[in-house]
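Here is a short note to read alongside the model. Please keep the structure open and find each residue as it comes up.

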Amino acid sequence: MSTITWITARGLFGRRRFLLLLPLPLVLLGLAVLCRSLGVDPRQWGPPVLVGLGLAVVLPVVALIIGTGVLGAEIDDGTVVHILTKPIPRWQIVLPKLAVAAGITAVTVAVPLYVAGVLAASVRLGLALAVAAALGALAYSAFFLALSLVTRRPVLLGLVYVLIWEGLLGNFVSGTKVLSIQQYVIALADRIAPTGLLETTVSVPVASVMTALVSVGFTVLAIDRLRSFSVAGETS
């Protein structure tokens, strides 16, 4: 498993798509620093920067780029064959790749969110955002990893989920929030550090249970789906 973890991490850092991870977190951090330096009331810039940008855009997009890449890129270029030919249980392939995807996503997003939370309110809010973002990174990564194994267009479908389901429908149809990872993250962060800057109608128990179900459920789906792959990397 350690070998697969190392190969996956090296592959991500060696691909051009890794460069796509840098702009969004830097924009988030830059906006927070700029608003704080200009003395703008946190109640005015906090929600759009922390939630509208950080949790609604940066977190899911970074998770989408990485989550669909840890296995999807290997399937596309055929290098997954080298792994599939080894007598390795499929869960020992999926779990290390999920760990790498969730870990890199969490670090990439949690650090700027922590700084933005500190600038907006307090260290406690910064820590709450970082912890909630890490949990969200796991759920998103499991979802997007499984998506890369069930469709040839995981990025497109992932964007549909993030932009249409969580973004558009989430603002107009309250019922869709129950199936929104973004809302789980907001609820968990607000529970750790209650603040008026974070608002959601999803309860903490629902957010906790659904985050666990999404993480475990899509991980199991990914493992099961990978079992159906032949040596050629196609599903049988």
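**Notes on a predicted model**

1. Start with Val 109. Leaving aside residues up to four places away in sequence, Val 109 touches Val 58, Leu 59, Val 62 and Ala 133. The model is a predicted one, and Val 109 sits in its helix α6. Is Val 109 buried or exposed? Its relative accessibility is 0%, so Val 109 counts as buried. Along the chain, Val 109 and Leu 24 are 85 residues apart, yet 9.1 Å separates their C-alpha atoms.

2. Now the overall make-up. The protein has ten helices and zero strands. Read from the N terminus, the order of elements is therefore simply α-α-α-α-α-α-α-α-α-α. The chain has 236 residues, and 47% of them count as buried. Among contacts with a separation of 6 or more, 74% join residues 24 or more positions apart.

3. In an unreviewed entry, UniProt places the feature "transmembrane region" at residues 49–73, 94–115, 127–147, 154–173 and 202–223. Two of these spans can be compared with the model. Residues 154–173 are 95% helix and 0% strand, with end C-alpha atoms 24 Å apart. For residues 202–223 the figures are 91% helix and 0% strand, and the end C-alpha atoms lie 29 Å apart.

4. The next point is how α2 is placed among its neighbours. Which residues of α2 are buried? They are Pro 25, Leu 28, Ala 32 and Cys 35. Viewed down the axis of α2, these buried residues fall within an arc of 105 degrees, so they line one face of the helix. The general rule is that an α-helix has 3.6 residues a turn, so residues three or four places apart point the same way. Leu 26 and Ser 37 are exposed, on the other side of α2. The cover over the buried residues of α2 includes α3 (42–67) and α6 (91–120). After α2 comes Gly 39, which has a positive phi, near 75 degrees.

5. The salt bridge count comes to one. What is the N to O distance in the salt bridge of Asp 41 and Arg 43? The distance is 2.9 Å, between the side chains of these residues. Asp 41 is partly exposed, at 25% relative accessible area. Arg 43, at 67% relative accessibility, counts as exposed.

6. Aromatic rings deserve a separate look. The count of aromatic pairs comes to four. One of them is Tyr 140 with Phe 144, a stacked pair with 5.8 Å from centre to centre and 10 degrees between the planes. Tyr 140 and Phe 144 are four residues apart in helix α7 (residues 123–150), so about one helical turn separates them. Both of these residues are buried.

7. A further ring pair is Phe 143 with Phe 218. Their ring centres are 4.9 Å apart and their planes stand at 65 degrees, so this pair is edge-to-face. Phe 143 belongs to helix α7 and Phe 218 to helix α10, so the pair ties together parts that are 75 residues apart in sequence. Phe 143 counts as buried at 13% relative accessibility, while Phe 218 is partly exposed, with a relative accessible area of 27%. Ring pairs link Tyr 140, Phe 143, Phe 144, Tyr 161 and Phe 218 into a cluster.

8. Met 210 has a relative accessible area of 18%, and it counts as buried because the cut-off is under 20%. Not counting residues up to four places away in sequence, Met 210 touches Val 178, Leu 179 and Tyr 184. From Met 210 to Tyr 184 is 26 residues in sequence and 7.6 Å in space, C-alpha to C-alpha.

Note on methods:
Residues are numbered from 1 along each chain as its sequence is written. This is a predicted model: local features need pLDDT of at least 70, side-chain atom pairs count only at pLDDT 80 or more; totals for chains, interfaces and linings use all residues. Side-chain values use heavy atoms; hydrogens and water are left out. UniProt positions are given in the numbering used here, feature names are shortened, and annotations may be inferred rather than shown by experiment. Helices (H or I, at least four residues) and strands (E, at least two) are DSSP runs, numbered from the N terminus. Buried means under 20% relative accessible area, exposed over 50%, partly exposed in between (1.4 Å probe, protein chains only). The arc is that of the directions from the helix axis to the C-beta atoms. Contact means heavy atoms within 4.5 Å. Rings of Phe, Tyr and Trp (its six-membered ring) pair if their centres lie within 6.5 Å; planes under 30 degrees apart count as stacked, over 60 as edge-to-face and the rest as tilted. A salt bridge is a side-chain nitrogen of Lys or Arg within 4 Å of a carboxyl oxygen of Asp or Glu.
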